[in-house]
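My notes follow in the order I looked things up.

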Amino acid sequence: MEYRSHTIADIEKCNTCKNVNVCKGGCRARAYFINGSILACDPVSLQNVLGVRMKVEKVLLINCTLDKHSRAKIHNVVSSPNLGLLSIAGVLIMHGYDVKILDFFADPIKKEQYKKILEEFNPDVIGYSVYTRTVPFLRRMVELNKKIGYEGITVVGGPHPSFNE
């Protein structure tokens with residue numbers, strides 16, 4: 001069986017997944033290694049990992065900030081764009097998603113402003129970029145999302161959650 005002769009349509013679960021344009025069928029090598037077939041479903045696809053059956057259209061990307069105490073200890077805070085979030089946003093926009101970026105590090109937003117943005121934009125997914133020093137901010141944001149009643153998907157990435165000892 002030659003791999004090049006197959007398309008995403010040959011992968012059974014991909015035919016019914018509304019998010020196939022995000023993962024493009026996932027990793028064929030991982031599917032083969034774990035399931036024994038390049039046409040098997042990738043075990044870490046959105047559908048398998050998150051049980052995603054909904055259509056994802058709007059994505060809110062958030063650059064977390066330091067808490068007040070940590071920020072006060074740093075005398076010269078230089079803010080530069082979060083290139084990771086910009087890269088993710090670029091790919092999502094290229095694939096037709098509606099993307100909004102909130103950079104709390106560069107532009108602190110009040111709770112009420114955030115609630116209004118969340119209600120008006122109504123994202124299907126919220127993605128956070130997190131460093132170790134910004135974890136307290138992330139926790140507050142997740143709690144606020146629960147209070148507001150946000151029921152979409154929350155994704156956390158960046159150096160802190162990606163670190164593996």
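I began with β3: it is mostly covered, with five of its five residues buried. Buried here means under 20% relative accessible area, exposed means over 50%, and partly exposed is in between, with a 1.4 Å probe and protein chains only. Helices (H or I, at least four residues) and strands (E, at least two) are DSSP runs, numbered from the N terminus.

I noted the ground rules before going on. The model is predicted, so local features need pLDDT of at least 70 and side-chain atom pairs count only at pLDDT 80 or more, while totals for chains, interfaces and linings use all residues. Residues are numbered from 1 along each chain as its sequence is written, and side-chain values use heavy atoms, with hydrogens and water left out.

**Faces of β3**

Which way do the residues of β3 point? Val-125, Gly-127 and Ser-129 point one way, Ile-126 and Tyr-128 the other, and all are buried. In a regular strand the side chains alternate between the two faces of the sheet.

**Sheet**

I then traced the sheet. It is open, has four strands in the order β2-β1-β3-β4, and its pairing is parallel. Two strands pair if DSSP finds at least two bridges between them. The edge strands are β2 (98-103) and β4, each of which pairs on one side only. From one strand to the next, the twist averages 20°.

I went through the pairs next.

- β1 and β2 pair in the parallel sense over six bridges. Ile-62 has Leu-102 in β2 as its bridge partner.
- β1 and β3 also run parallel, over five bridges. Leu-60 stands opposite Ile-126 in β3.
- β3 and β4 (residues 153-157) run parallel and are joined by five bridges. Val-125 has Ile-153 in β4 as its bridge partner.

From β3 the chain crosses through helix α8 (residues 135-148) to β4, and this β-α-β crossover is right-handed. That label applies if, with the strands pointing away from the viewer, the path from the first strand over the helix to the second runs clockwise.

**Helix α8**

What does α8 touch in the sheet? I found that α8 packs on it, touching β1, β3 and β4, and that the direction of α8 makes about 165° with that of β3. Axes are lines fitted to C-alpha atoms, for helices over the stretch in contact, and angles run from 0 to 180 degrees between N-to-C directions. Contact means heavy atoms within 4.5 Å.

I also checked α8 against α7 (residues 111-121). The two pack at an angle of about 60°, with their axes 11 Å apart. They are therefore oblique to each other. The classes are under 35 degrees for roughly parallel, over 145 for roughly antiparallel, 65 to 115 for roughly perpendicular, and oblique for the rest. The crossing of α7 and α8 is right-handed. A crossing gets that name if the near helix is turned clockwise from the far one by less than a right angle, and left-handed if anticlockwise. Lys-111, Tyr-114, Lys-115 and Leu-118 in α7 meet Met-141, Leu-144, Asn-145 and Ile-148 in α8.

**Single residues**

Ser-129 sits in β3 (residues 125-129). Ser-129 counts as buried because its relative accessibility is 7%. Setting aside residues up to four places away in sequence, Ser-129 touches Ile-62, Asn-63, Cys-64, Asn-82, Leu-85, Thr-134 and Gly-157.

Asn-63 is in β1. At 7% relative accessible area, Asn-63 is buried. Beyond four places in sequence, the contacts of Asn-63 include Asn-82, Leu-85, Leu-102 and Ser-129.

Thr-65 lies in the loop between β1 (58-63) and α5 (68-73). Thr-65 is buried at 8%. Its C-alpha is 9.0 Å from that of Pro-136, 71 residues apart in sequence.

Ile-11 lies in the segment before α1 (12-16). With a relative accessible area of 4%, Ile-11 is buried.

**Whole chain**

How many helices and strands did I log? The chain has nine helices and four strands. Along the sequence the pattern reads α-α-α-α-β-α-α-β-α-β-α-β-α. Of its 165 residues, 33% count as buried. Among contacts with a separation of 6 or more, 70% come from residues 24 or more positions apart.
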